[in-house]
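Dear colleague,

Please find below the structure that I am handing over to you, followed by an account of what was found in it. I would be grateful if you could read the notes with the structure open.

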Amino acid sequence: MNNKIAIGLMSFAAALSAQAPAVLDIQVGQVAGKVSPTLYGIMTEEINYSYDGGLYAEMVRNRTFHEGWDQPAHWYLMQYGNSHASMSLDKTGPSAGRQFSLKLSVEHASPAEQAGVSNEGYWGAPVRANTTYKGSFYAKADSPGPVSMSIISDDTGKPVASATSDALTTEWRQYNLTLHTGDIKTSAANHIVLTVAHPENVWFDMVSLFPPTYKNRVNGNRIDLMEKLSAMKPAFLRFPGGNYLEGDHIKDRYEWKKTIGPLVDRPTHPSPWRYHSSDGMGLLEFLNWCEDLNMRPVLAVYAGYSLAQEHVAPGPDLEPYVQDALEEIEYVTGDASTKWGAVRAQNGHPDPFALDYVEVGNEDEFDRSKSYDGRFAQYYDAIKKKYPRLQLIATTPVTSRKPDVIDDHYYKRADQFFDFTQHYDKADRNGPKIFVGEWATREGTPTPDFGAALSDAAWMTAMERNSDLIVMAGYAPLLVNVNPGGMQWDTDLIGYDALTSYGSPSYYAQVMFSNHLGTDIVASSLEGGGPRLFQSVTRGGGALYLKVVNASSAPQPVEIKLTGADHVKSTGRLISLTALSTGATNTLREPTKIVPVNGSIRGVSTDFHHTFPSYSISVIELDTK
Ligand code: AHR
């Protein structure tokens, strides 16, 4: 046997033999602190086609014709038979907010040989059997006649659903259509077509097609993605960013007032993630999303800094921005007797939304002008004066005021996170609370692999142990469209294409943790065992929750002592997430390769043994009533 083979076999054997035993001592009666009930939530922004081409269920891409130079991107001319037409961008629109429309000039067309335009959707147009789709568009024409909207199969060239509007007039008007599919095959290989049957000039804008949405919301969200988010039991939603809040330039910031009201009045805006945002996911849609998943909004307000090192100096220049933030808070929380509460009511939501946290800016440590201390103070004073109850989050430490919360962001490799799990154990408990507003182990693309999930879970045990200090935490980015060109940032929690979606192993680790949160942090200590063994213990409602992460390639025997427990049921629940290698992962093709497995653990007593498999994330629920 040569040396290399011998060494290889030895390390393989080492991988199979167990780690040195560990002792997990749980002081059942000793509460080390309160678990933050809002610990697990979600952070989102328009990145990786998270909303457009993602959660926001719109099927038409570039519906407002803002993308493209002389020709609208994602739109194609359709000349069936001997019809003859051309298309161009035109600077006219149905509202003051609309700068562009698509002009279709038809020289020759007939009912049998129609002419029109087609839209490729967001990497296809997903359709399912026996389903109703809501189509709409704004249009005007110089000669009256109807428009047909169809979903056409890429494979057959035939419509799978179709509907025809009333005759157009010379004035802009919205047309609404209902398209039904029959007994068709589920497929995203379709395109959306608008056609006319006679020579004319037609202008289109705000062309839209929606499938059924979560809770049947008009202008709502994709059902599969909302269900995945719901399973995470998120306590909060941090929005609208992230870099998306700031924009590359001040003029490109997230201007909430331009994202409310009728879609046709929303001007849309460029996002820093290299594509144009439709702003269909506007401020009220974010709030409705909170309502649908029972989350509290964590509202990030623009604070006078944009990514290209542009800032607004504190003082009079910043004042309009501060006022804008106050008005935004009023839009969210004011009743209908207030100016902006009335606007929200008019937009369709008379009841105010509950709001506890406002974040002032995003990652302002990157502002090289060092103006954040002054900017934060100005926002702090104005917001606290009008809304003293609100908790204000600073995006980086400041000295001008004492923020209620500091937002810390961590993007790390697995090895770095394993070494970082003690970070908050000895942190000052008298300073601001901590919001880990963005965190992720960046290994695996487009979504985290199992090695990342192990490190994410290890980090979550650390956050739980310190959740008297860490009030909230949100993985980022949350969503990614896995089609070519869909991703701007790799390692994202949930992946999807037009039709289906999947949760990464890290997603499932979060589902396991957030569904077994508990209310009290229980004192525990771990002795012995391998260097990649992590634990957190909480309790609530008579249950004791043990979370153990064994990130080693060897099984880990653990003696578990329930010191101070009078009684424990001999059978507990065991939920485990395991994989054979750190590179193993879920994909669109194998969406459930790695999922939590529910089982039970027997022979539980106040001093018992359990071996945690190699590469495993375990939640044990014990009944200590
Ligand atoms: O999550 C991706 C980006 O990372 C966020 O937009 C930004 O806040 C951070 O730098």
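A residue is called buried here when its relative accessible area is under 20%, and exposed when that value is over 50%. Please bear in mind that the model is a predicted one.

Strand S29

Strand S29 covers residues 543-550, and eight of its eight residues are buried, so that the strand is mostly covered by the cut-off given above. In a regular strand the side chains alternate between the two faces of the sheet. In S29, Ala543, Tyr545, Lys547 and Val549 point one way, whereas Leu544, Leu546, Val548 and Asn550 point the other way. The residues of both sets are all buried.

S29 is paired with two strands, S28 and S34. Strand S28 (residues 533-540) runs antiparallel to S29 and is joined to it by eight bridges. Within this pairing, glutamine 535 has valine 548 of S29 as its bridge partner. S28 and S29 form a hairpin, with two residues between the strands. Glycine 541 lies in the turn and has a positive phi of about 60 degrees. Strand S34 (residues 616-623) is also antiparallel to S29, again with eight bridges. Here leucine 546 has isoleucine 620 of S34 as its bridge partner.

Helices H5 and H6

The axes of helix H5 (residues 319-333) and helix H6 (residues 339-346) come within 7 Å and cross at roughly 50 degrees. H5 is therefore oblique to H6. The crossing of H5 past H6 is right-handed. On the H5 side, the contact is made by Glu327, Glu330, Tyr331, Val332 and Thr333. H6 contributes Lys339, Trp340, Gly341, Val343 and Arg344.

Three strands form an open sheet with mixed pairing, in the order S24-S25-S26. Strand S24 (479-481) and strand S26 (501-503) stand at the edges; each has a single partner strand, so one side of each lacks a neighbour in the sheet. From one strand to the next, the twist averages 20 degrees. Strand S25 (residues 494-496) runs antiparallel to S26, and three bridges join the two. Tyrosine 496 has serine 501 of S26 as its bridge partner. Helix H2 (residues 223-231) packs on this sheet and touches S24, S25 and S26. The direction of H2 makes about 15 degrees with that of S26.

With kind regards

Notes: Residues are numbered from 1 along each chain as its sequence is written. This is a predicted model: local features need pLDDT of at least 70, side-chain atom pairs count only at pLDDT 80 or more; totals for chains, interfaces and linings use all residues. Side-chain values use heavy atoms; hydrogens and water are left out. Buried means under 20% relative accessible area, exposed over 50%, partly exposed in between (1.4 Å probe, protein chains only). Helices (H or I, at least four residues) and strands (E, at least two) are DSSP runs, numbered from the N terminus. Two strands pair if DSSP finds at least two bridges between them. Axes are lines fitted to C-alpha atoms, for helices over the stretch in contact, and angles run from 0 to 180 degrees between N-to-C directions. Angles under 35 degrees count as roughly parallel, over 145 as roughly antiparallel, 65 to 115 as roughly perpendicular and the rest as oblique. A crossing is left-handed if the near helix is turned anticlockwise from the far one by less than a right angle, and right-handed if clockwise. Contact means heavy atoms within 4.5 Å.
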